[in-house]
Amino acid sequence: MTDTIYDVAIIGAGPAGLAAAEQILKYDAQVIILDEQSRPGGQIMRQPPKEFKVKDWLRGSIYTDTKNLLHRVEDHPKVNWRMSACVSGIIPLEENGHQVWFQDATGLNSLRAKKIILCSGCYERPLAFPGATTPGVMGTGAIQTFLKSQQILVGDRFVFAGTHPLQLIVAEQIIKAGGKVEAVAFAQPLSSCLAILKQPRIILSHWRVFVAAAKSIWRIKLAGVPILFGCAIKNVNEGKQLNTVILQSVNTSGKAMTNRPVRKYKVDKLGLCYGFQVSSELARQAGAKSVWSDNRGGWLISHSEWMESSLAGLFVAGELTGMAGADASREEGYIAGIGCLLSLRLMSHDVAEQTTRQARRKLKKHNNFAQALAQLSKLPVHLLETVMTGNSLLCRCENITCGTVKKALENNPHSLSANSIKLLTRTGMGLCQGRLCYANTASLIAITRNRRIEDIGPYHAQWPAKPILISSILKKRQQ
Amino acid sequence: MAKRITNQITRSALITLTLNNQQISAFEGETLATVILLSGEPACKLDKAGNPRGPFCNMGACYDCLVTVIDPASPDKRLKSRACMTMVKAGLRVFTTQEDSI
Ligand code: FES
């Protein structure tokens, strides 16, 4: 069977992908948008299912621009949609273009596109600690998407623990929805959070975010919920489901302060909020170059001023170029869309320059804000050593503990790369393909060997980027 | 325990499926993860050490929500499926207790 050929395939229907699509759709180009979710919007705008009617969905001015973009593109008659499609690989072709492999309800499929814009976003970084896999321990973003998309409150009593301010927003939403929040704990000291207020330019350019955050804090306080600083996860109960969360006091560098009593909470849900990792596997699998960033989300994809990666015809936009949020993703998507038109020779260089001038200015401001936010929410330096004790599960899929990996490092003094540790211990070989354990594994190696993560390297990104059924490969071969 | 938010929300038709051979009802558009959380069943799967796991990411990344499903359209096929990425369907048979043996 021959593949359909598109001018542009956009992978990921979040703010970046939607903004790119909108620009390309203004021209006579065939666009297809693929996304693993059933409806467009990305994680920030995880829509309720079509069958639900939700009044005032995602209220608040910080969502307005992105929501408007979503509605414009979702209703656009010229878009080809492939939703609920999980992209497993991008293969550069010898003739011009790329082949995209994806799995959906019909099985394994492929298509061709002259250009690709990859907007694969990010996922949450869990910490490893004793009990971390007990049902009831969730990503804070997960708790939020159950609320905003499925419209369910996942538990009765909640604790949030992390370093990222997202947990304030979600805690407030949980309180509003009728949940009981026992505490919101930040591992860093209050002073590192307040440092952002010393940057008046950032406050001025992003006042809406600060107002939203202030409102959340106000409402959390009003509900009598303590917001703690210098307080991190220690452990939770093991077994059938979560019932006890223990938090510990840590100093400014993240070391345990054992002279302070631990805090114990009886809750059924714990939201973890220790930052995000960019989802760059697909881009790396295709062969695009990446660079390490400690606090902008891991292995980020390098790109030109038109958002083209080191692989010709593969454009990238949004979080996988560095965590920066929905507003920055929208501007990057816009620039990538124009860049794509430029490389398809549908737009002249002069017009492209002119059209992107404002987006570049805005992007710069958003990136300054993202930098400040990354600084605020970075993990205290010794936090991982404090939290990731020997019996903590490092690789959740293969059930490999931190202790096992430490032992392997001791026994193999020359092993340094994440890949060699993967081969030695099976860490990162399971179904999530290292998405959840990579950052913790790499940090553990870096700490033990006293090296930088750049020396450790990423796990190899291979096809398929997400597990697929062998039967679907066989079926595809027979076609 | 999880609960549906009802204020300002209109849901669609109720359908019936089974969870571990028990009949349950769910609204169209709900995911299996939602239904499992609402049922009070804490876990979706057992991990390699036989310990229970529940949804962690709700976005298809962690695979902790893997369940076994049998679709009424092909009743002799058992498929592993991420509960957070799979919509309910009338007559679907869902099992949470299968050991993760992939
Ligand atoms: S909850 Fe992570 S894949 Fe479903």
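Mentor: Let's start with A:Ser290, whose bridge partner in strand 20 of chain A is A:Ile301. Strands here are DSSP runs of E with at least two residues, helices are runs of H or I with at least four, and both are numbered from the N terminus. Two strands pair if DSSP finds at least two bridges between them. Strands 19 and 20 of chain A form a hairpin with four residues between them, and in the turn A:Gly297 has a positive phi of about 115°.

Some bookkeeping before we move on. This is a predicted model, so local features need pLDDT of at least 70 and side-chain atom pairs count only at pLDDT 80 or more, while totals for chains, interfaces and linings use all residues. Residues are numbered from 1 along each chain as its sequence is written, chains are lettered from A and ligands numbered from 1 in the order in which they are written, and side-chain values use heavy atoms, with hydrogens and water left out.

Now for the sheets. In chain A, five strands make an open sheet with parallel pairing, in the order 9-17-11-12-13. Strand 9 (137-139) and strand 13 (227-228) of chain A are the edges, each with a single partner strand, so one side of each has no neighbour in the sheet. Strand 9 of chain A runs parallel to strand 17 (residues 269-273) of chain A, joined by three bridges, and A:Val137 stands opposite A:Leu270 there.

Chain B has an open sheet too: five strands in the order 4-3-9-7-8, with mixed pairing. Its edges are strand 4 (22-27) and strand 8 (79-82) of chain B, each with a single partner strand, so one side of each is left without a neighbour in the sheet. On average, neighbouring strands of this sheet are turned by 40° against each other, direction ignored; axes are lines fitted to C-alpha atoms, for helices over the stretch in contact, and angles run from 0 to 180 degrees between N-to-C directions. Strand 3 (residues 14-19) and strand 4 of chain B pair antiparallel over six bridges, with B:Leu19 opposite B:Gln22.

Strand 8 of chain B turns up again in the second largest pocket, where it gives the largest share of the lining, four residues. That pocket has a volume of about 1600 Å³. Of its 49 lining residues, A:Gln103, A:Asp104, A:Ala105, B:Leu79 and B:Ser81 are the closest to its centre. By class the lining has 22 nonpolar, 17 polar and 10 charged residues; Ala, Val, Leu, Ile, Met, Phe, Trp, Tyr, Cys and Pro count as nonpolar, Asp, Glu, Lys and Arg as charged, and the others, Gly among them, as polar.

On a 1 Å grid over the protein atoms alone, a cavity is a set of points where a 1.4 Å probe fits but cannot get out, a pocket is an open set with protein on both sides within 12 Å along at least five of seven lines, and lining residues have an atom within 4 Å of a point. Points are joined across faces, edges and corners, and a volume is the space filled by probe spheres set on them. The largest cavity holds about 40 Å³, and strand 7 of chain B supplies the largest share of its lining, three residues. Its lining has 10 residues, with B:Leu66, B:Val67, B:Thr68, B:Lys80 and B:Gln98 nearest the centre. The second largest cavity, about 30 Å³, is lined by A:Tyr123, A:Glu124, A:Leu436, B:Phe56, B:Cys57, B:Met59 and B:Ala61.

Last, burial. Seven of the eight residues of helix 1 (residues 32-39) of chain B are buried (under 20% relative accessible area; exposed is over 50%, partly exposed in between; 1.4 Å probe, protein chains only). Just after that helix, B:Gly40 takes a positive phi of about 90°. A:Cys273 is buried at 2% relative accessibility, and its sulfur is 11 Å from the closest cysteine sulfur, in A:Cys122, too far for a bond. With a disulfide taken as a pair of cysteine sulfur atoms within 2.5 Å, the count over all chains is zero.
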